[in-house]
Structures are given as structure tokens and as C-alpha cells.
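Trainee: I would like to go through this model with you. Please give me the cut-off behind each label.

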Amino acid sequence: MIRLEGVLSESFGGTCTFRGYARYDEIIALSYAHPGYQRPVDDAHVEEIAAFITSGTNSFSPEVVLAYTTKYDYYKDGASSEIDAIADIRSGKGFSSNVDGISFKKIRKVNNGYLYEVSVPNEAGLSDEQKPFRRVDGNHRLQAVEQLINNGQMTSTYIIPFCLILFADSDSLKDEKVIFHNINSKAVPLKSEELLKSILTEQNDGLDFNDRELTEKFGSQYLLARKILKGSPLAVRKLKSIDWIHDHVLSTIVDLIEYVQTKCETQLETLEQQEAFINSLNAALSHADTITPTNRKMASGLLFLLVLMYFQIENGELDPERSAEKDQLVAWAKKYDITNAQYDDEQHAAANADCIRAIFDKYVLSTEQTIFMSRCFDRKYDENESTIRRAIESVNREKKCSLRLLRVDQHEEGATGQISDRVLKDIERSGLIIADLSSGRLNVPHEIGYAMGLHKDLILIHNGTGAEAEQHTPSNIRMYEQIRFDGNYTQLEEEIKNRLIDYYKL
């Protein structure tokens, strides 16, 4: 038998609650996480809590919230029809269940409630569903403590505060779900910016954290954040000038550091790493669009992703030959105005960065690097295409990239559909269009027009005289510059290479 002592009183809304202290192992033995509303155990979160508990100082924990449904069988021999469990407990009369053997006995009246003793039978080997109490809040904490006890890192007799919510024997699970939801969604936490200000900024009141304390109690990211605040005023001013950051500069700096730490699996503890991060932050901020002298615009995800990429380059984690991806990212983000495609605030910045990276990898490294060739398929124009292919292969070889030329007659066997449909689809899934106007055939301007409607970028070429080029170029596309080479294939290859290197920022 396990005996718990505590005070019984009314909570908000008339909820009957029993609050007290008990040994960890007793609470663990008597309670379980109900699968009807509790999330599955997150092992990483359990490890994080275990590390926090064993960290030493300041490892404070709030009370564990449990639920119990009072059970009474009115048809059992010797049962009393006068029993009303919750009412009897509230009045101080007490209650004893003839179903699970749990009893509530008043010890004395205290203030606005009663001091009670709750006796709970404790049989060995009970399954979760047979345990009397359900965990409403604190399940991960109890899982962490159970792990520490089993590992011999913590004594099983450690005392914790608990709150037991009492329900009548009807619809209790529905009420528990409401309370579980309210605990996890209604409470408004202290704004992290306000908390960080009290930790990071020096108040000169004798309560400031020194560098060692800052690292030991909060982590190396806090020490680096302080260094940035004190030693990089320009970067801090730039951060404050971005609208979604403005009043959350401390939170943003800490989140940025944690993002890089997570992605690079480093604590940024060495002076070289910290200097690399500060340089990366300044470099990333240089890509912000200036709206006014004191107002800048930059997508949260783009800022986080650029800081990471610059740091990887500075720290030698990103192959310099692949660093062109950073320039491609910037060009792509500006081209498609990524700022307007996400929810910008410091809380979602890391998630936004991961989303942008995933889209960039899928789109830029596939669609954007696919080049569609629009041409007449007369053999006399084959050398034009062959020269373009040589230029692309040369760029891929020199710049370590993966540009590819797509042509409508180069489909895998078994491809179906009309040629015209396939052309339109290929234009849609390409980032750049190279159109050969040399033949004067109408299909090429038609494909150019479709690409223009999709806002695709164009490179126009013509092999022939100036007069022929004028004759073969419709008036609505004459504003586009052409590569006119009149049989000079060396010129065509060099100009295509230069255009590709400039377009892809290689």
C-alpha cells in the first residue's frame, strides 16, 4: 500500500484537486501515459530532460499533473446507494472505492480545504492500463527520472510535487483531454526576448552572469550571442532594421547560433569558429534589400540558410568549388521573391530555412539547371546544338556543376503524348530556354512565347546574316538580345559559356 498526503481544494472552474509531495518511484509505479491523448515518448526529449535533471544547480521542476477517476460499484454486495465520491471527498467525509481499493481519508481541515491521506494498493507487475492514475502533464519528466533511477544516477526516494485531478465515474477522459489541451496551449510563456535581455545584457547591478557562468548555466551559444552584442554593433543594427526581427534581435541571434550548431554539429567554442560565425552573419546580412536607410528586407529562412552556408565555407565544411550554390541560392531567392512565400518571424526561421533548402535543392538543382533547346530539327542546324552542348559540358567540367540540355526528341522509350504537349511540359520543367531562330520556322517563336508567359529566362541565338536574323525575329521578341555568330562556332561556344556562368552565378 502506498500512502500519499496532500491538500484537497477546488481549482479554477470547480475542478476537484489533490496536491502534495510524493516519492518519484511511487508516482512512477502508480501512473501511466494514456494513449488517448498523450503523445508517444520522444526519446531525444527524455535524454534532454535527464541531462537537465543531472546538471546540478537550477534544475527545478514543476508539479506532475495526474488524473484519477473515482470508481464505485453500487450493485456490489454491501454497497451503499448514498455514496457520491466527489461530493463526499469535497465535504471531508472521505471515500473508499469498492472497485480498486483506493481510499481518501480526511486528516484535518486546513485553510480552505482538507489535509487528506490517500491510500493506494500497489500490486507488482501491473500493466499500464491497470495503474490507477493517468499522466496529464509531466510524462517525459517521469520517463527521464525512471531512466536515471534504473541507471543508478538518481535515488528512487527523491520527492516531487504532484497534483491529482479527481473525476466522477463518467466522461472523465473527455475532461482530461480538455485539461491536457489547456495546459499545453493556453499558458503564455515569458517572452524569450525579455528573458534573454536579463541574461545577456550587462545591468551592472552585481547580478550579471560572467562568461564562465553564462556558458555553464545556459550554453556556449549565449556567450557567443553576448560577444556579438558587444563587438558587432553594425551587425546588430542591421538585424534590428529587418522588420520581422526588430524587437526580437536577441532571440534571433541565439536561434541563429543554435541553428548553425545543430546543422554543423559543433558548439562554436573555439575563437576561430566564433569569428567565422560573426563573419558569416555579416556576409549574410549584406544580401538584405535596403528599403530605407534604417529599414531592410530579408526572408527569415534565407538569412538563417545563408549564415549556415557562409559558415560552412569559412569553416572549411563546404567545398569551395560548390560555394557557387550560395550565389545561386541568392539569385533564385530574389528572382522568385522568397520573402513573400513564407511566414516570417524568429520562431519559424529555422523551419523556413530547412524548407527553402529543400525547395532549392529540388528546384534549382533539377528544374533550374535543366535547359530546354528550342530549334528546328533540320540536320543543317545540328552543329548549332552540338556547339551549345560543348559549351555546357565545358561549364560543367570547369565549375563542377550539373547543367543539362533537354531536347524534345530525347525522351525515354515508351514516352506517350503528342509532341506539342511534351514540348510544353519540357519548357515548364526547365529553368532556362535556349532558342535557335536560324531556321525562321514558326514553332520556335511559339515556344519562346510560351516560355515568356511562364517568366522563363531566354538565350536567343541566330546563325546567319544580320538581314536574315531581322527577317527571322518576330517583332514581339526583338527586345531580347541575340547571339548572332554567322558560322563562327568558336564565338557561339564562348558566348554561351559566358552567358551560363553569368546566369547561374558560377
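Mentor: Nine strands form an open sheet in the order S3-S8-S4-S9-S2-S1-S7-S6-S5, with mixed pairing. This is a predicted model, where local features need pLDDT of at least 70, side-chain atom pairs count only at pLDDT 80 or more, and totals for chains, interfaces and linings use all residues. Residues are numbered from 1 along each chain as its sequence is written, and side-chain values use heavy atoms, with hydrogens and water left out.

Trainee: What makes S3 and S5 edge strands?

Mentor: Strand S3 (31-32) and strand S5 (95-96) each pair on one side only. Two strands pair if DSSP finds at least two bridges between them. Strands themselves are DSSP runs (E, at least two residues), helices are runs of H or I with at least four, and both are numbered from the N terminus.

Trainee: How do you know that S4 and S8 pair?

Mentor: Strand S4 (residues 64-69) and strand S8 (residues 133-137) share three bridges, in the antiparallel sense. The rule asks for at least two, so they pair. Leu66 has Arg135 in S8 as its bridge partner.

Trainee: What joins S10 to S11?

Mentor: Three bridges, again antiparallel, between strand S10 (residues 289-292) and strand S11 (residues 295-297). Asp289 stands opposite Lys297 in S11. The two strands form a hairpin with two residues between them.

Trainee: Which way do S14 and S15 run?

Mentor: They run parallel, and five bridges join strand S14 (residues 432-436) to S15. Leu432 is opposite Asp457 in S15.

Trainee: Why is S15 called mostly covered?

Mentor: Five of the six residues in strand S15 (residues 457-462) are buried. Buried means under 20% relative accessible area, exposed means over 50%, and partly exposed is in between (1.4 Å probe, protein chains only).

Trainee: Why is the Arg3 and Glu117 contact called a salt bridge?

Mentor: The closest N and O atoms of Arg3 and Glu117 are 3.8 Å apart. A salt bridge needs a side-chain nitrogen of Lys or Arg within 4 Å of a carboxyl oxygen of Asp or Glu, so the pair qualifies. Arg3 lies in strand S1 (residues 2-10) and Glu117 in strand S7 (residues 113-120), so the bridge ties together parts 114 residues apart in sequence.

Trainee: Are these two buried or exposed?

Mentor: Arg3 has 52% relative accessibility, so Arg3 counts as exposed. Glu117 has 21%, so Glu117 is partly exposed.

Trainee: How many salt bridges are there?

Mentor: The count comes to 16. One of them joins Asp354 and Lys263 at 3.1 Å, N to O. That pair links distant parts of the chain, with Asp354 in helix H14 (residues 349-368) and Lys263 in helix H10 (residues 249-264), 91 residues apart. Asp354 is partly exposed at 35%, and Lys263 is partly exposed at 40%.

Trainee: What makes Arg375, Asp382, Glu385 and Arg389 one network?

Mentor: Salt bridges that share partners join these four residues, Arg375, Asp382, Glu385 and Arg389.

Trainee: What is the Arg23 and Asp25 distance?

Mentor: Their side chains meet in a salt bridge at 2.7 Å, N to O. Arg23 is partly exposed at 31%, and Asp25 is partly exposed at 22%.
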